[in-house]
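Hello,

Here is the structure I promised to hand over. Please open it first, then read my notes below.

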Amino acid sequence: MKKVILGLSAFCLIAFTSCKEDASKKVNEENVVVAAERDANSSKFPQITFTETEHDFGTIESKANVETVFEYKNTGEAPLVITNIASSCGCTVPQDWSKAPLAPGESGKFTVKFNGSGANNVTKTITVTSNTQTGKDMVKIKAFVKPDANAASNSNLATPQIQS
C-alpha cells in the first residue's frame, strides 16, 4: 500500500513539474484590457430616484378605480434595468414600464391602478426590482376608502335577528 501511494505521489510530482511552458506568454493583452475596464465599471451601479415615493389619492368611494403615474430617473453611473414591478396585493396593479435599459440621466415612468377595495385608511406598497445596488426600491399609494353603504345594509339583512 505504501508503494502505491509513494508511486502516485512521484507520478503527480513529475506531471506537475514537467510543464515547462511560461503561463504569462499565453495571456492575451486585449483580454487584460477588457477585464480591467470591466472590473473598473463593476463598482458603478444605476440609482433610481423617484419624483415622489408616496401618492395619496385622498378620499375615494369604495370600489372606485383610480390610478397614478410614478416617474423616476436613473441618477447612477450605469444603465438601469427594471426587471419587475409588483404590488403587495391584487387590488393594486402596476403596469406600462419600460424593460429596456435606461441610460444614466434618462427618465421613465409606470402606472399604478388601484380598484378601491378595503375600507378606511388603506396603504399599498409597490416594489420595483432592478439592477441597483440594493436591488429593490419601494413606492406607496394610500387612500381613505369610504365604507360601501350598500355592503353595510346588505350585511344587516343577511344577519338573522333573535328576539326574546
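Strand E5 (residues 92–95) pairs with E6 in the antiparallel sense, over four bridges. Strands here are DSSP runs of at least two residues, numbered from the N terminus. Two strands count as paired if DSSP finds at least two bridges between them. Pro94 has Val112 in E6 as its bridge partner.

A word on the source. This is a predicted model, so local features need pLDDT of at least 70 and side-chain atom pairs count only at pLDDT 80 or more, while totals for chains, interfaces and linings use all residues. Residues are numbered from 1 along each chain as its sequence is written, and side-chain values use heavy atoms, with hydrogens and water left out.

E6 also pairs with E3. That pairing is antiparallel too, over eight bridges. Glu67 stands opposite Lys113 of E6.

Next, the open sheet. Its four strands run in the order E2-E8-E7-E4, with mixed pairing. E2 and E4 are the edge strands, each pairing on one side only. From one strand to the next, the twist averages 15° (axes are lines fitted to C-alpha atoms; angles run from 0 to 180 degrees between N-to-C directions). E2 and E8 pair in the parallel sense over five bridges. There, His55 has Ile141 in E8 as its bridge partner.

Which residue does the side chain of His55 meet in a polar contact? The side chain of Thr68, at 3.5 Å. A polar contact is a pair of N or O atoms within 3.5 Å; within protein, one must be able to donate a hydrogen and the other to accept it, and residues adjacent in sequence count only if both atoms are side-chain atoms. Thr68 lies in strand E3. Thr68 counts as buried because its relative accessible area is 9%, and buried means under 20% (1.4 Å probe, protein chains only). Leaving out residues up to four places away in sequence, Thr68 touches, among others, Phe57, Phe110 and Ile141 (contact means heavy atoms within 4.5 Å).

Last, the largest nonpolar core. It has 23 residues. Such a core is a set of buried Ala, Val, Leu, Ile, Met, Phe, Trp, Tyr and Cys residues joined through side-chain atoms within 4.5 Å. Tyr72, Ile82, Phe110 and Phe114 have the most contacts inside it. The strands that each supply at least two of its residues include E1 (48–50), E4 (82–87) and E7 (120–130). E8 gives the largest share, four residues. Beyond four places in sequence, Phe110 touches residues including Phe50, Tyr72, Trp97 and Val139.

Best wishes

Notes
Buried means under 20% relative accessible area, exposed over 50%, partly exposed in between (1.4 Å probe, protein chains only).
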